[in-house]
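Please read the points below with the structure in view.

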Amino acid sequence: MTFQKLVLGDQPIETEKQKRKILLGVYLILMYLGIDAFFFIVNLFNSQGTPVTLLIGTIVSFICLILIKQRWVDTALFLHLARSNFFAFYFSTIDVDPYQTGVYLYFIPCALGPLAVFGYHERWKGISFALISFTLFVISIFEPSKFSPQEPHFYFITNFLVVLTVGLLILLFFDRMVIESENKVIQKNDELLKTNMELDRFVYSASHDLRAPLSSILGLVQIYHFTADENKRKEIVDYIQTRALKLDDFIREILDYARNTRIEVMHTTVDLHEVVRGVLDNLRFIKGFEKIRTNIECPSNGEVKTEPERLKVILTNLLSNAIKYQDPGKNEPFIKVTIEKENSWYSVIVQDNGIGIKPNHQPKVFDMFYRANDSVEGSGLGLYIVKETVERLHGRIEMTSEFGQGTTFKVSLPIVD
């Protein structure tokens, strides 16, 4: 059984910060147990010693360890710190010559220990105990008649305060550095975990989505060789083209995802109306585009400084979805793109009257490879790429949808100065 297992037990610990506090608290208590044991043995050979007092301190320390085991951590630490301050004060008061024995030095660990245990996040608890320790030190040592610059007593107390303050500042400084480093490591670990999970899903789903159209194309090629009818051959070629275009779309999405994660953001001034119109022109060959009425509403000055390539990726995915998921039962399908500018932000709102998204699917539409509708072919990467790209540009995306009525996406992005 490891030391940590012995101390922490089987109960789960919520955070690493709590685990750190528990372990440091236990180490501090064990150090005092060692000190008590040493002086208990020494005082057995000293007729003026007080071994009973040290025995009481040992019992209190064991009680503190039991409380920590039961997860009464703060209670245990407060009890131990009160005990250590009391003993330092008691022995400094009863000692005939504390300057010679150096018993007052125990006020230093009494003051610095809490700051180490509670850490930077709970520094006010540590600082409060440090003030209590210093106050008790002054009460036990202070002699008003000798407190002047001509007396060593003045420099003794002053230097103790200076050393204590420097120690507190050093502990705060290093603990803050440790916390910042820990936070960076935790952030990196979270990002790595997310990347590994996405990579696993990506490899599995991508291999399937790449093989499916390739298998279809290979099968159609075989059928083509055994077909003599020219009309049938033309149909087969059309099917091959459709499969190839699907494969091309999927590869394009993979490239968009790779570019978003790898390529640095490069800002330039663009006309938002022209960007939207250019994306729509590139999508005009999608099946069903000719049935849709498109409308772009843009302010007279639609120029902003932004990242044009990533903006095109966002618009391409949102607009192609609006085309693919149009409602064939509606007489006048439409896509409306509204551009708004406010202060240092601009928004692109893509609204359609398509088939909409069922409520149970809406929370998951931005997940990798999630498909909310199986009636239309797709990889399930589009909206995931949109979300990742928007976040890369430090923006936000909102979605509202009513099944059978349509869907609206609002992308808000910062305007770069």
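1. Basis of the note. This is a predicted model, in which local features need pLDDT of at least 70 and side-chain atom pairs count only at pLDDT 80 or more, whereas totals for chains, interfaces and linings use all residues. Residues are numbered from 1 along each chain as its sequence is written, and side-chain values use heavy atoms, with hydrogens and water left out.

2. The sheet. Five strands form an open sheet of mixed pairing, in the order β2-β4-β5-β7-β6. Its edge strands, β2 (293-297) and β6 (396-402), each pair on one side only. On average, and with direction ignored, neighbouring strands are turned by 10° against each other. Strands are DSSP runs of E with at least two residues, and helices are runs of H or I with at least four residues, numbered from the N terminus; two strands pair if DSSP finds at least two bridges between them.

3. Strands β4 and β5, and a helix on the sheet. Strands β4 (residues 334-342) and β5 (residues 345-352) run antiparallel and are joined by eight bridges. Glutamate 342 has tryptophan 345 in β5 as its bridge partner. Helix α10 (residues 272-282) packs on the sheet and touches β2, β4 and β5, and its direction makes about 165° with that of β2. Angles run from 0 to 180 degrees between N-to-C directions, the axes being lines fitted to C-alpha atoms, for helices over the stretch in contact.

4. Lysine 21. Beyond its neighbours within four places in sequence, lysine 21 is in contact (heavy atoms within 4.5 Å) with Val73, Asp74, Leu77, Val117, Phe118 and Glu122. The C-alpha atoms of lysine 21 and phenylalanine 118 are 6.2 Å apart, although 97 residues separate the two along the chain.

5. Serine 140. This residue lies in helix α7 (residues 123-141) and is buried, at 17% relative accessible area. Leaving aside neighbours within four places in sequence, serine 140 is in contact with Phe89, Ser92, Thr93 and Phe107.

6. Cysteines. How many disulfides does a search of the whole structure find? The search finds zero, a disulfide being a pair of cysteine sulfur atoms within 2.5 Å. Cysteine 110 is buried at 1% relative accessible area, whereas cysteine 298 is partly exposed at 24%.

Note on methods. Buried < 20%, exposed > 50% of the residue type's maximum accessible area, 1.4 Å probe, protein only.
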